[in-house]
Amino acid sequence: MDNILVLGCAGQIGSELTLELRRLYGDSHVVASDIRQADKDILESGPFEILNVLEVQKVSDVVKKYNITQIYHLAAILSGNAEKNPLPSWDINMKGLLDILEMVKELKVGRLFWPSSIAVFGPSTPCKNTPQQCVMDPNTVYGISKLAGERWIAYYNKRYGVDTRSVRYPGLISYKTEAGGGTTDYAVEIYYEAIKNAAYTCFLSEKTYLPMMFMPDAIKATIDLMQIDAAKLSVKDSYNIGGMSFCPDDVFKAIQKYIPEFKIAYQPDFRQSIADSWPQSINDDIAKHDWGLSYVYDLDKMTEVMLTEIKKKFGK
Ligand code: AKB
């Protein structure tokens, strides 16, 4: 039986991934950890440890204590926030990965999941139907750290036989935990503001297309990748996963079908140039071929769920 450690369980992905892993592997087999206290549903459903990925000795103690066989290392500073604090963000994203890679190698932890991002692409990358392999010239701290991280996990895989697995997440949308500090966060905020105020001021321009994915599809993709036989995996750095592609105006119109009075204004900020350097849509044929990547949600299906669930949260 696998024992799993989630680093960064209180974040947008971790808060949902941890609960799904506990459902699949059993509560006591999934150790949740974060630098801060997690939500009640995580604290009450299984083991939890306060861990900072920059304190690798403490992480290593927890790995030994629970006989951990798989790690999901989700702790990172996202694109927008990393631009405000380049060097500390580099440290968390990069040193935080290298120390964990070395520990996984030394302790012979069976498998490591580490998320990459569409941020590995840059202005010279073909921006439509972006292929798995192409020019990558990220110009954000976050993107540079993700691209370097991809090379490092591939290196540990090839040189030391560490079983590393990764996907390049597009923007992720969920109603449970709000995103923090990303460029794609507008696609979460817009739903909250639609319910709370029937109005939203968007920090990206109307027609900024980006690849996006609803959290249930992202969680399923992540766990599917971790469960597949290693021999099926042809990509050693990180798999493209595309989801859907839409712009703020598309989300606005999708919400207006439910809330006709909903209004939007556009005030692009520094995140516009980040978004402009990223792909608009992603080619994920290799992930579909190697491990059966598939999706359930399109913009309309996702909008229905987002609005219903956020209304429940606010008792509306
Ligand atoms: C961000 O916007 O920084 C993230 C990402 C695409 O990796 N959501």
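Modeller: Domain bounds come from an automatic or database domain assignment, and what we have here is a predicted model. With that in mind, the protein is divided into domain 1, made of 4-171 and 213-240, and domain 2, made of 173-212, 243-280 and 297-313.

Colleague: How should I read the area that domain 1 and domain 2 bury between them?

Modeller: The size of an interface is often given as the accessible area lost when the parts come together. In this model, domain 1 and domain 2 bury about 2400 Å² between them, with 62% of that area on carbon and sulfur atoms.

Colleague: Which side chains meet in a salt bridge, and how many residue pairs are in polar contact across the interface?

Modeller: A salt bridge pairs a side-chain nitrogen of Lys or Arg with a carboxyl oxygen of Asp or Glu within 4 Å. One is counted between domain 1 and domain 2, and the side chains of lysine 176 and aspartate 41 meet in a salt bridge at 3.2 Å, N to O. Across the same interface of domain 1 and domain 2, ten residue pairs are in polar contact.

Colleague: Which residues are around the ligand?

Modeller: Among them are Leu78, Ser79, Ser117, Tyr142, Thr184 and Trp278. A polar side-chain atom of serine 79 lies 2.5 Å from a ligand oxygen atom, one of serine 117 lies 2.7 Å from an oxygen atom of the ligand, and an N or O atom in the side chain of threonine 184 is 2.9 Å from a nitrogen atom of the ligand.

Terms used:
Residues are numbered from 1 along each chain as its sequence is written. This is a predicted model: local features need pLDDT of at least 70, side-chain atom pairs count only at pLDDT 80 or more; totals for chains, interfaces and linings use all residues. Side-chain values use heavy atoms; hydrogens and water are left out. Buried area is the accessible area (1.4 Å probe) that two parts lose on being put together, summed over both. A polar contact is a pair of N or O atoms within 3.5 Å; within protein, one must be able to donate a hydrogen and the other to accept it, and residues adjacent in sequence count only if both atoms are side-chain atoms. A residue is near a molecule or strand if one of its heavy atoms lies within 4 Å of it.
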